[in-house]
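The sequence and structure are shown first.

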Amino acid sequence: MKTDVEIQKDVIDELAWEPLLTATEIGVAVKNGIVTLSGTVDMYRKKILAERAVKRVEGVKAVAEDIEVKISPNGKKNDTEIAEAVLLGLKWHSGLQDGSIRVKVEDGWVTLEGEVEWEFQRLAALRMIENTIGVVGISNNIKIIPILSKGEIKKKINAAFHRSATVDADKVNITVDGNKVILTGKVRSYSERKDAENAAWLAPGVSKVVNELEIDTDVFAV
């Protein structure tokens, strides 16, 4: 097991590996495997990259993110300009149906509403907006319309786990309650925990994933 000092060093190194991030922007504190990020960045994209970088580091159990976005004068856009850019991006995205998503912008904060069939569509809208100049935050309230039965959802997720190179399917339990998927069991790392969650989200009609997987490296040591 890594110590908090070792995890902190690895997190700092991983953040430095991201071309957009600089060491002076983000502070890193670690306690009992929980990483807290702090600091100020000049674009929302950097905030998201920092969080994702931390989740790739072995030994990290959770991330508390306290990074503030302060847009520089050169990147400042008014709400109308941001809304127009977001709507144009959604319109030209191949995975999204034109008009299925509604957009509201207030003080640089974008709120998305509407209905889609797949989580990847909900995620695609989010990813597109992350790169939009002037955005300081996003609330993704897009809902997923169910199209499969509980048994079909569980079967598809289980098959995805068995295809995965990173998830040990035999140690992950799947429970489906309506359109909610609950994952329990043991995994080797935060990365494997997240990969299992991502795989569950890819099943059509899933509207919520409750990830209760425990990180326990000792169980795999035998």
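In this predicted model, helix H1 passes helix H2 in a right-handed crossing. H1 spans residues 4–17 and H2 spans residues 44–55. Their axes lie 9 Å apart, and the two helices pack at an angle of about 135 degrees.

By class, the contact of H1 with H2 comprises 5 nonpolar residues, 1 charged residue and no polar residues.

The table sets out their locations and relative accessible areas.

| Residue | Element | Relative accessible area |
|---|---|---|
| Glu-119 | helix H4 | 7% |
| Glu-130 | helix H4 | 3% |
| Glu-214 | strand E10 | 45% |

Helix H4 covers residues 119–130, and Glu-130 also lies in this helix. Is Glu-119 buried or exposed? Glu-119 is buried, because its relative accessible area of 7% falls under the 20% limit. When neighbours within four places in sequence are left aside, Glu-119 is in contact with Ile-144 and Trp-201.

Glu-130 is likewise assigned as buried, with a relative accessible area of 3%. Which side chain does the side chain of Glu-130 join through a polar contact? The partner is Arg-45, and the polar contact is 3.2 Å. Apart from residues up to four places away in sequence, Glu-130 touches Tyr-44, Arg-45, Ile-48, Arg-52 and Ile-138.

Glu-214 is found in strand E10, which consists of residues 214–215. Glu-214 counts as partly exposed, because its relative accessibility of 45% lies between the limits of 20% and 50%. Leaving aside neighbours within four places in sequence, the residues in contact with Glu-214 are Gly-185, Lys-186 and Val-187. How far apart in space are Glu-214 and Leu-183, C-alpha to C-alpha? The distance is 9.7 Å, while the two residues are 31 residues apart in sequence.

Notes:
Residues are numbered from 1 along each chain as its sequence is written. This is a predicted model: local features need pLDDT of at least 70, side-chain atom pairs count only at pLDDT 80 or more; totals for chains, interfaces and linings use all residues. Side-chain values use heavy atoms; hydrogens and water are left out. Helices (H or I, at least four residues) and strands (E, at least two) are DSSP runs, numbered from the N terminus. Buried means under 20% relative accessible area, exposed over 50%, partly exposed in between (1.4 Å probe, protein chains only). Contact means heavy atoms within 4.5 Å. Axes are lines fitted to C-alpha atoms, for helices over the stretch in contact, and angles run from 0 to 180 degrees between N-to-C directions. A crossing is left-handed if the near helix is turned anticlockwise from the far one by less than a right angle, and right-handed if clockwise. Ala, Val, Leu, Ile, Met, Phe, Trp, Tyr, Cys and Pro count as nonpolar, Asp, Glu, Lys and Arg as charged, and the others, Gly among them, as polar. A polar contact is a pair of N or O atoms within 3.5 Å; within protein, one must be able to donate a hydrogen and the other to accept it, and residues adjacent in sequence count only if both atoms are side-chain atoms.
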